[in-house]
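Please examine the sequence and the structure displayed below before reading on. The briefing then takes the chains, their helices and their contacts in turn.

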Amino acid sequence: MNPIQQLTKGFWKDNPIFVIGLGLCPALAVSSSLSNAVGMGIAATFVLIGSNMMISLLRHLVPSKIRIPVYIVIIATFVTIIDKMIAAYSPALSASLGIFIPLIVVNCIILGRAEAFANKNGVFDSLLDAIGMGIGFTIALCCIAFFRELLGEGKLFGHAMPFFSKDPALIMIMAPGGFIVFGLLIALKRLMASKGGN
Amino acid sequence: MNDMLRMGSFLFIIAAVAGVLLGFTEMKTSPRILENRLKQLEQARAEVLPEAKKFNDIKSENPNEGLLYTAGFAENGDLAGIVVNVAPKGYAGPIEMVLGLKTDGSIAGVKILSQKETPGLGTKLADNVFLAPFKKLLQDKQKPVFKVKQDGGDVDGITAATISSRAFCVGVTEALGTFEKVREQLPTLTAPTALPAVPQSGDAK
């Protein structure tokens, strides 16, 4: 796999949400509006980059039998440090992203990529993988949030849209709506994959 | 056995390094985080009680209770109202709110400082989706009942976030309770003459 493929595989072909099926709980919980989706996506991407590179650096040192607890300690430490740093040095960013950061600890994409990719590959490849997976996660969240916010609130990024804002279907921003949109999007993705060959 | 010792010590080292890093981060960031919070609080005060220019913290005589409320004074030294901090229990932790109350006990402004509600649902408490109708209610009705509509009140809660909406109402009620408690002592208060109330962050306004 060349570097470009390494980077872009997460966007669509191996999308963490639609194909690998990782990180579904934040995907469903936070995708009720586009601005939340973007915020969660960015925060998760930063943590993913840091944890992937760190674990790739340590991959020869960590005894394989206890790798999972070691990864969890590394990821949790990393998330906490980022949370504190943002709160101290960028209060504005903290006000908009701060609420998502504790949610990242339970985001299985982070641990999933550490286990499936970073502990077998070099630092540079792990960096590309993290960026690609982070962007793929953000894209998937935005796709779900686009439909949920538009149909459930008649808005996009908090701005009312003509026609849709008249009688929004509230169920779409609640949990069932998340499952409905998510299921339909996976079906669509698989349909395209079976037609197009990838 | 040897293997177990080796892995145990590795885990120990990793956890120790993580602990040291976390302690160091906490040490470096906590003063700044506190400072940011003070600034935020100062701005929030000015926002919820726009008439007031000077603030004076009123502490309880019982030192364990800490800050009771903050009195706000207009430019000419008249009492403009009080600012009360409340933190009702929300869906996933306390919702820190600041309320500005005018001298007649009516609400001048509300601001959510921090919250841990469900993103996309309970977090709307701080949005205009929820606050704009709430402000309209304050203007339209003389004595609104601060309960969500399901509970027989006047506040239009957030759909799918009733617990958060209820907590908001509890906070408002609590602040009004504080006002009733301190009502008598209000006329005795005088404006601070020298420094602003929170000198650490005097440049925030």
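The points that follow describe a predicted model. Chain A has 198 residues, with 10 helices and 2 strands. Chain B has 205 residues, and its secondary structure consists of 3 helices and 5 strands.

**Overall make-up of chain A**

- Of the residues in chain A, 40% count as buried.
- Among the contacts in chain A with a separation of 6 or more, 74% are between residues 24 or more positions apart.

Two packed helices are described by the angle between their axes and the distance between the axes.

- Helix α4 (residues 34–57) of chain A packs with helix α9(A) at an angle of about 165°, and their axes are 8 Å apart. Because angles over 145 degrees count as roughly antiparallel, this angle makes α4(A) roughly antiparallel to α9(A).
- The crossing of α4(A) and α9(A) is right-handed. The residues of this contact comprise 21 nonpolar, 8 polar and 2 charged.
- Helix α4(A) also packs with helix α5(A), at an angle of about 140° and with the axes 10 Å apart. That angle makes α4(A) oblique to α5(A), and their crossing is right-handed.
- On the α4(A) side, the contact with α5(A) is made by A:F46, A:V47, A:G50, A:S51, A:M54 and A:I55. On the α5(A) side, A:Y71, A:I74, A:I75, A:F78, A:V79 and A:I82 take part. By class, this contact has 10 nonpolar, 2 polar and no charged residues.
- Helix α9 (residues 123–153) of chain A packs with helix α10 (residues 175–196) of chain A at an angle of about 130°, with their axes 10 Å apart. That makes α9(A) oblique to α10(A), and the crossing of the two is right-handed.
- Helix α9(A) contributes A:C143, A:I144, A:F147, A:R148 and A:G152 to the contact with α10(A). Helix α10(A) contributes A:G177, A:G178, A:V181, A:F182 and A:L185. These residues divide into 6 nonpolar, 3 polar and 1 charged.

- At 1.5 Å a residue, the 23 residues of α5(A) should span 33 Å. The expected span is 1.5 Å times one less than the number of residues, and the C-alpha atoms at the ends of α5(A) are 33 Å apart, so the two values agree.
- The buried residues of α5(A) are A:V70, A:Y71, A:I74, A:I75, A:T77, A:F78, A:V79, A:D83, A:K84, A:I86 and A:A87.
- Between the chains, 25 residues of chain A are in contact with 23 residues of chain B. Helix α5 (residues 67–89) of chain A supplies the largest share of the chain A side, 11 residues.
- The side of chain A that touches chain B has 18 nonpolar, 5 polar and 2 charged residues.

**Chain B**

- Read along the sequence, chain B shows the pattern α-β-β-β-β-β-α-α, and 31% of its residues count as buried.
- Residues 24 or more positions apart account for 49% of the contacts in chain B with a separation of 6 or more.
- Helix α3 (residues 162–182) of chain B has 21 residues and should span 30 Å at 1.5 Å a residue. Its end C-alpha atoms are 31 Å apart, which agrees.
- The residues B:S164, B:S165, B:R166, B:A167, B:F168, B:C169, B:G171, B:V172, B:A175 and B:F179 of α3(B) are buried. The buried residues of α3(B) pack against strands β3 (79–86) and β4 (96–102) of chain B.

- B:D57 lies in strand β1 (residues 54–59) of chain B.
- B:D57 has 14 other C-beta atoms within 10 Å and is therefore partly exposed.
- B:D57 and B:Y69 are 12 residues apart along the chain, and their C-alpha atoms are separated by 6.3 Å.

Methods. Residues numbered from 1 in each chain as written. Chains lettered and ligands numbered in written order. Predicted model: local features only at pLDDT ≥ 70, side-chain atom pairs only at ≥ 80, totals over all residues. Axes fitted to C-alpha atoms, helices over the stretch in contact; angles between N-to-C directions. Helix = DSSP H or I, 4+ residues; strand = E, 2+ residues; numbered from the N terminus. Parallel < 35°, antiparallel > 145°, perpendicular 65-115°, else oblique. Left-handed = near helix turned anticlockwise from the far one by under 90°. Contact = placed C-beta atoms within 7 Å. Nonpolar A, V, L, I, M, F, W, Y, C, P; charged D, E, K, R; others polar. Buried ≥ 20, exposed ≤ 12 C-beta atoms within 10 Å, placed from the backbone.
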